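Hi,

Here is the structure I promised to pass on. Have a look first, and my notes follow below.

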Amino acid sequence: MIYYTNTNFNKSENGETGDLGTGNAKRRVGKMKTSKKKQGKCRIELKVELDAAEKGEVVKSVEREFVREAQLPGFRKGKVPIEVIRKNFAGALRQETVAAMVRKFHPEALKAEGVDEVALVGVKEFDLDGECGSYTAVV
């Protein structure tokens with residue numbers, strides 16, 4: 001199910017309202033929500049909100065990769081329990097999860113918002129705590 005905002009009115013096809021004049025309307029692509037906000041002449045802040053299933057899929061794939069590559073004393077390569085991985089590599093897991101979310105969902109979010117990206121300046125904020133995940137990228 002894909003919803004796009006009708007730019008001629010102040011209400012999108014699915015009933016959500018937004019400030020269409022400045023490009024702050026929210027869009028839903030599949031189960032992912034996107035919104036954009038202009039920052040000056042050439043920068044846009046793109047917020048992407050994922051549902052629990054999308055976030056869980058990314059987290060599981062990153063954890064599987066860490067399990068496959070982790071080498072810790074007392075464990076064979078690829079046989080380290082996930083609880084030990086989460087405890088010893090919490091920061092790296094979090095960082096790689098955000099990077100994987102951006103790699104997977106950023107192109108789709110750009111397309112949904114109609115943004116032509118020159119460069120990804122950075123990921124300003126991200127939220128992996130709780131059930132859903134979100135990040136804000138500056139392009």
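A definition before the notes: on a 1 Å grid over the protein atoms alone, a pocket is an open set of points where a 1.4 Å probe fits, with protein on both sides within 12 Å along at least five of seven lines, whereas a cavity is a set the probe cannot get out of. Grid points are joined across faces, edges and corners, and a volume is the space filled by probe spheres set on the points. With that, the largest pocket holds about 190 Å³ of space.

Two caveats. This is a predicted model, where local features need pLDDT of at least 70 and side-chain atom pairs count only at pLDDT 80 or more, while totals for chains, interfaces and linings use all residues. Residues are numbered from 1 along each chain as its sequence is written, and side-chain values use heavy atoms, with hydrogens and water left out.

Back to the pocket. Its lining (residues with an atom within 4 Å of a point) is made up of Lys55, Val59, Glu63, Arg86, Ala90, Leu93, Arg94, Thr97, Leu128 and Asp129. That splits into four nonpolar, one polar and five charged residues (Ala, Val, Leu, Ile, Met, Phe, Trp, Tyr, Cys and Pro count as nonpolar, Asp, Glu, Lys and Arg as charged, the others, Gly among them, as polar). Helix H1 (52-69) and H3 each give at least two lining residues, and H3 has the largest share, with four. Helices here are DSSP runs of H or I with at least four residues, strands are E runs of at least two, and both are numbered from the N terminus.

H3 itself covers residues 90-113 and spans 33 Å from first to last C-alpha, close to the expected 34 Å (1.5 Å times one less than its number of residues). H3 bends by about 45 degrees at phenylalanine 105, with proline 107 following within four residues; the bend is the angle between axes fitted to the seven residues ending there and the seven starting there. Just after H3, glycine 114 has a positive phi of about 70 degrees.

Next comes valine 115, in the loop between H3 and strand S4 (122-127). Why does valine 115 count as buried? Because its relative accessibility is 11%, and buried means under 20% (exposed is over 50%, partly exposed in between; 1.4 Å probe, protein chains only). Leaving out residues up to four places away in sequence, valine 115 touches Lys36, Ile44, Leu110 and Val139 (contact means heavy atoms within 4.5 Å).

Cheers
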